[in-house]
Amino acid sequence: MQCGVFMTPYNPPERTPRQVFDWAVDIARICDESGYADYMIGEHYTLGWENIPLPEAVIAACAQTTKKLRFAPMAHLLPYHDPATLAIRIGWLSQVMEGRYFLGVAPGGHHTDAILHGYDNIGPLPPRQLEVLRLMERVWERKPFQEKGEWYQAGFPGPDTMPEYWVELSNNNPYGGRENLEVAVTALSMNSKSMEFAGSRNYSPISFFGGTPQMRAHWDTWASSMEAAGFKPERKRYRVCRDIFIADTDAEAKRLFLKSGMMRTWKHYLKEIYVKFRLFDGIIADSGVDITPENIDEDFLAEHVVLCGSPETVIEKLEKLADQVGGWGQIVANQHDSLDDPKPWEESLRRLATEVCPKVRMPDLETA
């Protein structure tokens with residue numbers, strides 16, 4: 001099983017952009033040294049707790065201090081971008097990364113980001129995402145065209161659209177060709193249209209954990225959509241995002257988690273969101289605990305929401321989850337702010353890669 005990290009980034013609003021940027025670059029270095037496979041960086045424009053509006057800048061900086069780690073914007077919020085400009089920048093950056101790049105796409109799911117870009121709400125965004133994708137793909141074909149769509153426009157120059165002299169066109173297509181560019185999509189809610197969308201286009205699925213019923217639904221939706229479109233679903237392409245905190249013992253892991261930036265994020269930011277959108281329901285059902293989402297406390301978070309414990313305990317929990325829902329190819333650790341006390345978090349990241357992932361017994365991904 002591979003491991004990855006998701007830099008949402010979940011830094012509290014009082015952190016400066018420079019602090020967030022430097023922290024992201026430092027975590028990438030640690031992950032690269034520890035053997036992580038992928039490093040994914042969120043794109044948000046108005047969220048104080050998720051303040052990275054330019055993931056490409058972080059990726060470019062990380063490229064200078066890492067050797068093997070792959071990077072992705074996760075995800076570019078396509079309706080907020082000019083399709084031709086974004087297509088060229090994606091292709092150019094993937095060439096700079098020489099293959100250590102893959103792409104995440106999304107329509108945008110936050111109301112305040114939509115308001116910033118002139119929309120009343122997020123409702124109009126999904127069809128715009130489709131038009132952006134279609135125009136980006138046309139740019140990557142490198143065949144002459146000019147098109148004005150319903151919301152966007154793009155083109156590609158050819159002999160008939162040259163000025164009075166010949167222009168040598170740069171090739172800023174994705175590294176290795178469009179067919180070698182992996183595209184991924186994230187999902188959180190039980191009835192995820194994102195997983196259906198991903199399967200219909202042969203995009204890779206990334207599931208944010210919300211309990212075993214939700215995980216089964218994500219896989220089933222993606223796999224069914226893949227098969228309906230003539231593709232073969234493979235569990236090794238399936239990524240699962242979890243909050244993870246590892247220390248020598250279960251007691252020590254819980255103690256460190258309760259005073260960590262991860263705990264602060266849940267207390268001051270994530271819990272309210274999970275309660276409002278009923279994202280705890282599947283986790284509560286799995287736990288067998290008689291509790292309402294509003295009454296979830298620190299103990300419940302440590303025992304049932306976060307993979308918290310010794311390496312042996314985290315391995316046991318991952319294997320139990322795999323037995324319940326089927327296998328996956330990569331566990332992705334959600335990144336949380338630990339600038340005030342970084343060492344326990346950095347050690348947890350290293351132990352996930354070196355002491356947990358190599359030892360997890362996963363169902364046969366070729367036959368599952």
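Reader: In what sense do β8 and strand β9 pair, and over how many bridges?
Author: In this predicted model, strand β9 spans residues 204-208. A184 stands opposite S204 in β9. The sense of the pairing between β8 and β9 is parallel, and the number of bridges is 4.

Reader: Which residue is the bridge partner of G104 in β8?
Author: Strand β5, residues 103-106, pairs with β8 in the parallel sense over 2 bridges. For G104, the bridge partner in β8 is A184.

Reader: Is strand β8 largely enclosed by the rest of the structure or largely open?
Author: Strand β8 covers residues 183-187. Buried means under 20% relative accessible area. Because 4 of its 5 residues are buried, β8 is largely enclosed by the rest of the structure.

Reader: What is the handedness of the β-α-β unit made by β8, helix α6 and β9?
Author: Helix α6 comprises residues 193-200. Together with β8 and β9, α6 makes a β-α-β unit that is right-handed.

Reader: At what angle do helix α1 and helix α13 pack, and how far apart are their axes?
Author: Helix α1 holds residues 17-34 and helix α13 holds residues 342-356. Residues that meet include W23 and I27 in α1, and W345 and L349 in α13. By class, this contact of α1 with α13 has 8 nonpolar, 2 polar and 4 charged residues. The crossing is right-handed, the angle is about 35°, and the axes are 9 Å apart.

Reader: Is F277 buried or exposed?
Author: F277 is found in the loop between α9 and α10. The cut-off for exposed is over 50% relative accessible area. Because its relative accessibility is 54%, F277 counts as exposed.

Terms used:
Residues are numbered from 1 along each chain as its sequence is written. This is a predicted model: local features need pLDDT of at least 70, side-chain atom pairs count only at pLDDT 80 or more; totals for chains, interfaces and linings use all residues. Side-chain values use heavy atoms; hydrogens and water are left out. Buried means under 20% relative accessible area, exposed over 50%, partly exposed in between (1.4 Å probe, protein chains only). Two strands pair if DSSP finds at least two bridges between them. A crossover is right-handed if, with the strands pointing away from the viewer, the path from the first strand over the helix to the second runs clockwise. Axes are lines fitted to C-alpha atoms, for helices over the stretch in contact, and angles run from 0 to 180 degrees between N-to-C directions. A crossing is left-handed if the near helix is turned anticlockwise from the far one by less than a right angle, and right-handed if clockwise. Contact means heavy atoms within 4.5 Å. Ala, Val, Leu, Ile, Met, Phe, Trp, Tyr, Cys and Pro count as nonpolar, Asp, Glu, Lys and Arg as charged, and the others, Gly among them, as polar.
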